[in-house]
Amino acid sequence: MGDAHRIGVVGLGVISRAYLDTLVGRDAVRVTAVADLDASRSAAVAAELPGVRALSVAELLNSPDVETVLNLTVPAAHAEIALGAIGHGKNVYGEKPLAAELTDAQAVLEAAAKASVRVGCAPDTVLGTGVQTARAAVEAGAIGRPLFASAVMITPGHERWHPQPDFYYAPGGGPLLDMGPYYLTSLVHLLGPVRAVIGASSRLRSERVIGSGPRAGERIPVEVDSHVSGVLEHEGGALTTLTTSFDGVGTTAAPIEVHGETGTLTVPDPNHFDGEVRLLELGGSERRTLPPSAGYVGGARGVGLLDFVAADGGRPARASGELALHVLETMTALLRSSAEGRRNELSTSVQRPAPVPLTPVEQRR
């Protein structure tokens, strides 16, 4: 374990357990420190993990025993923690979105470039067998030339299950900034970067009611649009229609479908690592399920961080800050388009990440 890459975790909310389950016990990385605004929470987590220290946020960012900061704070704090880590010469890998505001995300990448450190960002679900098998099928010509796609995410809202859902309805939240990264990152893998968007959005409820936990029944304000739809123009010419909503009870629509000249590909939920990829060929009457042919088998939260660490000094990281910045600009451009009522062109682009070959669990360190 002496050569393991040392990780410090900031933010020990619900998602942190999934990351820790993936990272602890690996050969390639070692969690050395944890920090949270609630000191008792960090102490409790550290007590469960041998060799892990509970520190204050400031102490962790300055610790010589941390090489990469895993930033699992709420979206509004993403940029502050990332800049703090970079200011102490550390790499940073964060939960999505990269920042709550595009200018903050740009500042993070600019600071990292000046400090010669690296930035990575979730989601990493797109590196699993679901999206990667779909990408492999598209690139193998299974549907011919891709022409257009649809992406749909509809739920009644996270306040029904999350005991502290406030940030979902605060700046940096909403269905697009919360769930959109899974869909848009997948679409970049499948169809390439986006050059322009047209959007429309609404906010028809001013409050939500917490449905579980100690605050059940409490009303919280809705400060962001809770339904966002739009059209994405990909650089290669394909179009995607996108719907993200916290206002619907449910839907029968596929999470993502890619339509080509000779076939239609149904892509599983990009919030999960795996799932069935189904192909309907021109002239056929039934969809057939494609066997997994690419991606990290049995993936879980943190696979993207392992990929990020493995890419140090070599190939670009697949869950990169540059990809997250492009996805964030796509989302903020959709929201701006909705507010302004016009088409918006993007200023960023990104190269599609390298595809993930089919990688069994035992091949991941």
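1. Arg315 is partly exposed, at 32% relative accessible area (partly exposed lies between buried, under 20%, and exposed, over 50%; 1.4 Å probe, protein chains only). Its partner is Asp307, with 2.9 Å from N to O in the salt bridge. Asp307 is buried, at 2% relative accessibility. A salt bridge here is a side-chain nitrogen of Lys or Arg within 4 Å of a carboxyl oxygen of Asp or Glu.

2. Salt bridges with shared partners link Glu159, Arg205, Arg208 and Asp247 into one network. The structure holds 24 salt bridges.

3. Some basis for these values. The model is predicted: local features need pLDDT of at least 70, side-chain atom pairs count only at pLDDT 80 or more, and totals for chains, interfaces and linings use all residues. Residues are numbered from 1 along each chain as its sequence is written, and side-chain values use heavy atoms, leaving out hydrogens and water.

4. Glu207 and Arg219 form a salt bridge, with the closest N and O atoms 3.6 Å apart. Glu207 sits in strand 9 (residues 207–209) and Arg219 in strand 10 (residues 219–221), so the pair ties together parts 12 residues apart in sequence. Strands are DSSP runs (E, at least two residues), and helices are runs of H or I, at least four residues; both are numbered from the N terminus. Glu207 is partly exposed at 41%. Arg219 is exposed at 55%.

5. Arg17 pairs with Asp21 in a salt bridge, the closest N and O atoms being 3.8 Å apart. Both lie in helix 1 (residues 16–23), four residues apart, so about one helical turn separates them. Arg17 is partly exposed at 34% relative accessibility. Asp21 is exposed at 55%.
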